[in-house]
Amino acid sequence: MFLEHFRGFISPRRILVIGNAQGWSTIALALIFPEARVVAIDPDQAGVEFTNRLTAANGLSAKAVVARSPDDVTRVVNKHLEGPVDFSLIDAIHENKAIKVDLAAVRKVAADNAHYLFHDVINWNMIEGFRELLAAHKLQGKIFTRTASGMALAYSNLSPEFSAYLDCFTDPPGRFGILRLNAAASLDPIAAYQICDVRPR
Ligand SMILES: C[S@@+](CC[C@H](N)C(=O)[O-])C[C@H]1O[C@@H](n2cnc3c(N)ncnc32)[C@H](O)[C@@H]1O
């Protein structure tokens, strides 16, 4: 539901998914953005083949490729997207270092105003990595405390309408810190509080 309504605010033409698995999000993005070309990479051949059977059977504009971030990103984008990425889902290795490496690889082949959506940022303790990649790339960001896994979006700018929509999926800082993250001993509620709406430092 959260991602589905992005189509009311943005119209990406070239979408790159880092981490395809069995293709759930690849297919979801192809359904949400039927005008876009979606390419997903993953080293897992069985998942890639399964995804491509599904996309072919349903006539979707999406393709999964056996490839690995960061080394293969530029080659895959040049070959299969033929232009700058304007939306990327980063959902591969769930570590702070890895999301920074993935983002850097995609940035090299992305449009200036691309959007970068990260899965599992809260649940997998990647708030610090997200904060660091925003600073390194002078991007702004939001972490979505009201999504199941704590997704996050990095961007250079948003329309006021899209920003208002996205803010429906964040909590007021005080409530977020007290009611939700205080219960999770491994998380830092202050860091999460500060990152809910982040601007370059
Ligand atoms: C959390 S799953 C992805 C879930 C997927 N986006 C979905 O919608 O179901 C992570 C995936 O990242 C893949 N992966 C691991 N290292 C990778 C890398 N360096 N580049 C691309 N994908 C990688 C794994 O094989 C795994 O399938």
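Let me start with the shell around the ligand, whose residues divide into seven nonpolar, six polar and four charged. Please keep in mind throughout that this is a predicted model. There are 17 residues around the ligand, and those that come nearest are Gly19, Ala21, Trp24, Ser25 and Ala92. As for the elements that give two or more residues to this shell, they are α1, which spans 24–32, and β2, which spans 37–42.

Now to a pair of helices. How are helix α4 and helix α5 packed, in angle and in distance between their axes? Helix α4, residues 96–107, and helix α5, residues 127–137, pack at an angle of about 30°, and their axes are 8 Å apart. Angles under 35 degrees count as roughly parallel, and α4 and α5 are therefore roughly parallel to each other. The crossing in which α4 passes α5 is right-handed. On the α4 side, the contact is made by Asn96, Lys97, Ile99, Lys100, Leu103 and Arg107, while α5 brings Glu128, Gly129, Phe130, Glu132, Leu133 and His137.

Finally, the protein as a whole. Its secondary structure comes to eight helices and eight strands, and of its 201 residues, buried ones make up 41%. Among contacts with a separation of 6 or more, 66% are accounted for by residues 24 or more positions apart.

Terms used. Residues are numbered from 1 along each chain as its sequence is written. This is a predicted model: local features need pLDDT of at least 70, side-chain atom pairs count only at pLDDT 80 or more; totals for chains, interfaces and linings use all residues. Helices (H or I, at least four residues) and strands (E, at least two) are DSSP runs, numbered from the N terminus. A residue is buried if 20 or more other C-beta atoms lie within 10 Å of its own, exposed if 12 or fewer, and partly exposed in between; C-beta atoms are placed from the backbone. Two residues are in contact if their C-beta atoms, placed from the backbone, lie within 7 Å. Axes are lines fitted to C-alpha atoms, for helices over the stretch in contact, and angles run from 0 to 180 degrees between N-to-C directions. Angles under 35 degrees count as roughly parallel, over 145 as roughly antiparallel, 65 to 115 as roughly perpendicular and the rest as oblique. A crossing is left-handed if the near helix is turned anticlockwise from the far one by less than a right angle, and right-handed if clockwise. A residue is near a molecule or strand if its C-beta atom, placed from the backbone, lies within 6 Å of it. Ala, Val, Leu, Ile, Met, Phe, Trp, Tyr, Cys and Pro count as nonpolar, Asp, Glu, Lys and Arg as charged, and the others, Gly among them, as polar.
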